[in-house]
Amino acid sequence: MTEVRGVVATGKGKPVELTTIHVPDPGPGEAVVRPQACGVCHTDLHYREGGISDDFPFLLGHEVAGVVEAVGDGVQDVAPGDFVVLNWRAVCGVCRACKRGRPQYCFDTHNAAQPMTLTDGTPLEPALGIGAFAEKTLVHSGQCTKVDPQARPAVAGLLGCGVMAGIGAAMNTGNAGPGDTVAVIGCGGVGDGSIAGADLAGARRIIAVDKDPKKLDWARRFGATHTVNAAESDPIEAIRELTGGFGADLVIDAVGVPETYRQAFYARDLAGTVVLVGVPTPEMQLELPLLDVFARGGSLKSAWYGDCLPSRDFPMLVELYQQGRLPLEEFVTEEIGLDQVESAFDKMHRGEVLRSVVTF
Ligand SMILES: NC(=O)c1ccc[n+]([C@@H]2O[C@H](COP(=O)([O-])OP(=O)(O)OC[C@H]3O[C@@H](n4cnc5c(N)ncnc54)[C@H](O)[C@@H]3O)[C@@H](O)[C@H]2O)c1
Ligand SMILES: [Zn+2]
Ligand SMILES: [Zn+2]
């Protein structure tokens, strides 16, 4: 067991605390990882707000790159010293999705079996089974994906959640391809990931939609060809206008509220695709005329983690980044200390950052 500092959310809406936690030595199949960088994702804030579950206390942080420090019995894929990006999809290989050859949907992903705890023994619920706003964290070894150690941790770690979710929402779930028109509503780290993914896929037009003009400026760095300020004009009309009056082939909702979902639904062309990647909260309801759902055709999909396969996608995207084909550096607005997560939430709330990244 090791004693380290970690960022814990103790109750709904309460400011996070930097406190001492206990990290067990790795048991069979587990690994202890020393984070080198961990991005602040909106999902951490959802946890803090009680929007994901009520299982407080949470150990936050889940967008992380670091070094494997120790592994438990039977671990063969990673060894101490390996540079890894942690994932929340350690596929089980035996659930009904895995057995059908669809491990990107694995319904029984692995996490560490032993709990990390507060010093009084209270078990911590690690965000997305990771919990990496901590000097060390315990995960399942399958959550460790080796990538090129030349990559900068603050950049590589982003692939562990939001940016991967965004890229995958466009490339995997939305199946964006050459010649497609793509609109992305909400240009935070996730939405800009989708814009970058649409660009990699060869989309013809990439329309960025946000209420914040600064976010729209930033979206251009990732490949947005057109922008729509949702505070000034109706996104449905604007997207239709930019697509010959028809709507986009693919619209990605990277906000995840009923208003933006409805916009995505009506801003796509007939037989087009909507991908929901933003995470709604439990009280949200959606009402749509069922006849429109039928008559507009196409598909309405949700993207968990961008339907990624970490072992396939993380090393590939790191390589694209290193070749200068994926501007991952542009996501990092600031590097902060472990004691600055609460102020990073404030900055996220005020729209001042794409990603604040805790570096150790
Ligand atoms: N599906 C997944 O696997 C997955 C993974 C990571 C994050 N997420 C979710 O994705 C969402 C976005 O995360 P993020 O880290 O990019 O958040 P963020 O706060 O950085 O970005 C959200 C953006 O949406 C914009 N926005 C808010 N309301 C809007 C509206 N009505 N119209 C247009 N733009 C609006 C904001 O200005 C901001 O730029 C969150 O809900 C997060 O929980 C999902
Ligand atoms: Zn499985
Ligand atoms: Zn996340």
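Which residue in strand 5 is the bridge partner of Pro35? The partner is Gly66. The model in which this pairing is found is a predicted one.

## Overall form

The chain contains 11 helices and 18 strands. Its radius of gyration is 20 Å, close to the 21 Å that the globule rule gives for 360 residues, so the chain is as compact as a globular protein of that length. Taken along the principal axes, the C-alpha atoms fill a box of roughly 60 × 40 × 40 Å.

Of the 360 residues, 52% count as buried. Among contacts with a separation of 6 or more, 72% are between residues 24 or more positions apart.

Strand 3 (residues 30-39) and strand 5 (residues 63-71) run antiparallel and are joined by eight bridges. The pair of Pro35 and Gly66 belongs here.

Strand 5 also pairs with strand 6 (residues 83-86), again in the antiparallel sense, over three bridges. In this pairing, Val67 has Phe83 of strand 6 as its bridge partner.

Another part of the chain forms an open sheet of five strands in the order 7-2-1-4-8, with mixed pairing. Its edge strands, strand 7 (117-118) and strand 8 (125-126), each pair on one side only. Strand 4 (residues 58-59) pairs with strand 8 in the parallel sense over two bridges, and Leu59 has Pro126 of strand 8 as its bridge partner.

In soluble globular proteins, nonpolar side chains tend to be buried together. The largest nonpolar core here has 111 residues, of which Leu60, Val182, Ala183, Val184 and Ile252 touch the most other members. Helix 4 gives the largest share of this core, seven residues.

What does Val184 contact, leaving aside its neighbours within four places in sequence? The residues are Gly191, Ser194, Ile195, Ala208, Val209, Ile252 and Ala254. One of them, Ile252, is itself among the core residues that touch the most other members.

## Around ligand 1

There are 33 residues around ligand 1, and His42, Ala165, Gly186, Gly188 and Val190 come nearest. The elements that give two or more residues to this shell are helix 1 (42-48), helix 4 (162-173), helix 5 (189-200), strand 12 (205-210) and helix 8 (258-266). Sorted by class, the shell has 16 nonpolar, 12 polar and five charged residues.

Helix 8 has as its buried residues Thr260, Tyr261, Gln263, Ala264 and Phe265. What covers these residues includes strand 11 (181-185), helix 7 (235-241), strand 14 (248-253) and strand 15 (268-276).

Val255 is in the loop between strand 14 and helix 8. Is Val255 buried or exposed? Val255 counts as buried, because it has 27 C-beta neighbours inside 10 Å and the cut-off for a buried residue is 20 or more. Not counting residues up to four places away in sequence, Val255 touches Ile185, Gly186, Thr260 and Gly278. Gly186 is one of the residues that come nearest to ligand 1, and Thr260 is one of the buried residues of helix 8. Val255 and Asp210 are 45 residues apart along the chain, and their C-alpha atoms are separated by 9.4 Å.

## A buried lysine

Lys215 has its place in helix 6 (residues 213-221). This lysine is buried, because 20 other C-beta atoms lie within 10 Å, and a residue counts as buried at 20 or more. Leaving aside neighbours within four places in sequence, Lys215 is in contact with Cys187, Asp210 and Gly351. Lys215 and Lys136 are 79 residues apart in sequence and 33 Å apart in space, C-alpha to C-alpha.

## Backbone exceptions

Most residues other than glycine have a negative phi, and most peptide bonds are trans. The peptide bond from Phe56 to Pro57 is cis, with omega near -5 degrees. Pro57 lies in the loop between helix 1 and strand 4.

Leu128 is in the loop between strand 8 and strand 9 (137-140), whereas Ala271 is found in strand 15. Leu128 counts as buried, with 26 C-beta neighbours inside 10 Å. Ala271 is exposed, with 10 other C-beta atoms within 10 Å.

Note on methods: Residues are numbered from 1 along each chain as its sequence is written. Chains are lettered from A and ligands numbered from 1 in the order in which they are written. This is a predicted model: local features need pLDDT of at least 70, side-chain atom pairs count only at pLDDT 80 or more; totals for chains, interfaces and linings use all residues. A residue is near a molecule or strand if its C-beta atom, placed from the backbone, lies within 6 Å of it. Helices (H or I, at least four residues) and strands (E, at least two) are DSSP runs, numbered from the N terminus. Ala, Val, Leu, Ile, Met, Phe, Trp, Tyr, Cys and Pro count as nonpolar, Asp, Glu, Lys and Arg as charged, and the others, Gly among them, as polar. Two strands pair if DSSP finds at least two bridges between them. A residue is buried if 20 or more other C-beta atoms lie within 10 Å of its own, exposed if 12 or fewer, and partly exposed in between; C-beta atoms are placed from the backbone. Two residues are in contact if their C-beta atoms, placed from the backbone, lie within 7 Å. A nonpolar core is a set of buried Ala, Val, Leu, Ile, Met, Phe, Trp, Tyr and Cys residues joined through C-beta atoms within 7 Å. The radius of gyration is taken over C-alpha atoms; the globule rule is 2.2 Å times the number of residues to the power 0.38.
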